[in-house]
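Here is a friendly briefing to read alongside the model. Keep the viewer open and follow the topics in any order you like.

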Amino acid sequence: MLAEGFGLSGIVSILFTGIVMKRYTFPNLSEDSQRFTASLFHLLSSLAETFVFIYMGFDIAMERQSWSHIGFIFFSIIFILVARAANVFSCAFLVNLVRPPHRKISRQYQQALWYSGLRGAMAFALALQSVHDLPEGHGQTILSATISIIVLTVLLIGGSTSTMLEALHVVGDGNNGHPRPLER
């Protein structure tokens with residue numbers, strides 16, 4: 001309520017409240033309560049994610065999409081992949097500057113973060129709002145591009161993430177929490 005009163009984002013304040021509560025409140029719960037709480041929030045997050053994807057599926061099937069700007073959609077996908085790479089690798093570089101050598105983020109983990117990190121629920125919500133906020137046709141093009149990106153990242157990238165993580169030696173047989181060096 002304090003954030004809303006100052007005109008700040010209520011969602012961000014709820015996010016930071018959750019972070020603080022996880023850090024300081026969770027350890028004070030009994031073991032049974034910790035297990036129950038973890039299971040409950042896992043269930044709630046799965047239900048919320050399922051609802052979002054059902055809603056997206058209905059929107060894809062029911063709404064009229066604007067496929068007249070295929071070039072825009074194609075370059076949106078390319079630019080998002082490049083922007084994600086710039087974000088992940090530059091942030092990991094900065095974090096690695098201050099971490100001790102045994103805690104640095106390895107190149108394999110950075111590649112795994114880049115490859116598997118795209119999601120679409122928030123982008124979908126913003127794109128839906130753009131249909132109403134932008135001039136005629138522009139919002140529909142943004143919505144179509146966003147849906148294309150979400151479908152690509154969920155089906156292609158999401159479906160191949162486990163294979164990619166095994167290829168990068170981030171998960172799989174013989175992984176003890178530290179990636180093995182890649183074969184060259």
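Is D32 buried or exposed? D32 counts as exposed, because its relative accessibility is 55% (buried means under 20% relative accessible area, exposed over 50%, partly exposed in between, with a 1.4 Å probe and protein chains only). Please note that this is a predicted model, where local features need pLDDT of at least 70, side-chain atom pairs count only at pLDDT 80 or more, and totals for chains, interfaces and linings use all residues. Residues are numbered from 1 along each chain as its sequence is written, and side-chain values use heavy atoms, with hydrogens and water left out.

**Salt bridges**

- The count comes to 2 salt bridges, each defined as a side-chain nitrogen of Lys or Arg within 4 Å of a carboxyl oxygen of Asp or Glu.
- Side chains of opposite charge can pair when their charged atoms come close.
- R35 and D32 meet in a salt bridge with N to O at 2.4 Å, and the two are 3 residues apart in helix 3, so about one helical turn separates them.
- Salt bridges that share partners join E31, D32 and R35 into one network.
- In the bridge between R35 and E31, the closest N and O atoms are 3.8 Å apart; these two residues are 4 apart in helix 3, again about one turn.
- E31 is exposed at 59% relative accessible area, while R35 is partly exposed at 49%.

**Surface patch**

- F36, L40, F41, L43, L44 and L47 make up a nonpolar surface patch with about 600 Å² of accessible area together.
- Patches take residues with over 30% relative accessible area and no salt bridge, joining like charges within 9 Å and nonpolar side chains (Val, Leu, Ile, Met, Phe, Trp, Tyr) within 5 Å; the areas come from the Shrake-Rupley method with a 1.4 Å probe, and for residues only the protein chains shown count as cover.
- L43 belongs to helix 3, residues 31-62 (helices are DSSP runs of H or I with at least four residues, strands are E runs of at least two, numbered from the N terminus), and L43 is partly exposed at 46%.

**Aromatic pairs**

- There are 5 aromatic pairs, meaning rings of Phe, Tyr and Trp (its six-membered ring) with centres within 6.5 Å; planes under 30 degrees apart count as stacked, over 60 as edge-to-face and the rest as tilted.
- One of them is Y55 with F124, whose ring centres are 5.8 Å apart and whose planes meet at 75°, so the pair is edge-to-face.
- Y55 lies in helix 3 and F124 in helix 6 (residues 121-133), so this pair ties together parts 69 residues apart in sequence.
- F124 is buried at 3% relative accessibility, whereas Y55 is partly exposed at 42%.
- Ring pairs link F51, Y55 and F124 into a cluster.

**Buried serines**

- S76, in helix 4 (residues 70-98), is buried at 14% and touches A145 and I149, leaving out residues up to four places away in sequence (contact means heavy atoms within 4.5 Å).
- S116, in helix 5 (residues 107-116), is buried at 18% and, beyond its neighbours within four places in sequence, contacts I157 and T161.

**Backbone at H169**

- Most residues other than glycine have a negative phi.
- H169 has a positive phi of about 60° although it is not a glycine, and H169 sits in the segment after helix 7 (138-167).
- H169 counts as buried at 15% relative accessibility.
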